[in-house]
Amino acid sequence: FEGCISLTNISIADRVTEIGDSAFANCSALGNITIPDSVTAIGRAAFFDCRSLFSITIPDSVTEIGDTIFSGCTSLISVKMSNNITAIAYAAFYGCSYLTNITIPDSVTTIEEVAFYDCISLRNITIPESVTKIEAEAFYGCTNLSPVYCKPITPPQLDRDVFDANDFTQIIYVPTESVSAYQSASGWSDYSFRIVGYDF
């Protein structure tokens, strides 16, 4: 269906187990899609630049999402993620300027590079205890993102510029007992003035 500009909604058949790379890329009129529980993987750029897509539910059967899966989906407001994925893929939500609501599942261990780059409407985010690594510029340019709730007791590995170009008043809440560890950890120390203890 790549580039099918007249496609407005679709319900995928229950027998489908995988949505391939670029399957619906550039389907600019696609506003609604139903993904069945039979699907276990969604490929790279599957919904790239679907500018009319406003919400989507990824069922728990899905264990893997590809790079740039929703990149350029500028109307996307709400996403319900599978509770069985282990990574928020590279540039998964890059430039999703209307994205306001997303819950990162407890299964996720890695938030990959530029995953939420320039998501300027994202208001808050909770990083679950399972996360051990946040890659470069993952939340770069999220100018309205505050607060950030970071639940891991041990500071995740934090690459460069993760929270740069954001509101300088942004608060990053971490477990109260871990404030000193976060403020001195590599990467996190760049944001030490934003880090505040919180009893989760």
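Which residue forms a salt bridge with Lys133, and how far apart are the closest N and O atoms?

Analyst: This is a predicted model. In it, the partner of Lys133 is Glu135, and their closest N and O atoms are 3.7 Å apart. That falls inside the 4 Å cut-off for a salt bridge. Glu135 is buried, at 19% relative accessible area. Lys133 is partly exposed, at 26%.

Next comes Glu137. Its side chain meets that of Arg160 in a salt bridge, at 3.2 Å from N to O. Glu137 lies in the loop between strand 12 (133-134) and strand 13 (148-150), and Arg160 lies in the loop between strand 14 (157-158) and strand 15, so the pair ties together parts that are 23 residues apart in sequence. Glu137 counts as buried, with 16% relative accessibility. Arg160 is partly exposed, with a relative accessible area of 49%. Asp161 joins in too: Glu137, Arg160 and Asp161 are linked in a network of salt bridges.

The count for the structure is four salt bridges. One of them joins Arg51 to Asp49, with the closest N and O atoms 2.9 Å apart. Arg51 is partly exposed, at 43% relative accessible area. Asp49 is buried, at 16%.

Now the strands around these loops. Strand 15 (residues 172-175) pairs with strand 16 in the parallel sense over four bridges. Tyr173 has Val196, in strand 16, as its bridge partner.

The structure holds zero disulfides. Take Cys27: the closest cysteine sulfur, in Cys50, is 5.2 Å from its own, too far for a bond. For Cys50, the closest cysteine sulfur is in Cys73, at 5.1 Å, again too far for a bond. Cys27 is buried, with a relative accessible area of 0%. Cys50 is buried as well, at 0% relative accessibility.

Thr68 lies in the loop between strand 6 (64-65) and strand 7 (78-80). Thr68 counts as buried, at 10% relative accessibility. Beyond its neighbours within four places in sequence, Thr68 is in contact with residues including Arg44, Phe48 and Tyr90.

How values were computed: Residues are numbered from 1 along each chain as its sequence is written. This is a predicted model: local features need pLDDT of at least 70, side-chain atom pairs count only at pLDDT 80 or more; totals for chains, interfaces and linings use all residues. Side-chain values use heavy atoms; hydrogens and water are left out. Two strands pair if DSSP finds at least two bridges between them. Helices (H or I, at least four residues) and strands (E, at least two) are DSSP runs, numbered from the N terminus. A disulfide is a pair of cysteine sulfur atoms within 2.5 Å. Buried means under 20% relative accessible area, exposed over 50%, partly exposed in between (1.4 Å probe, protein chains only). Contact means heavy atoms within 4.5 Å.
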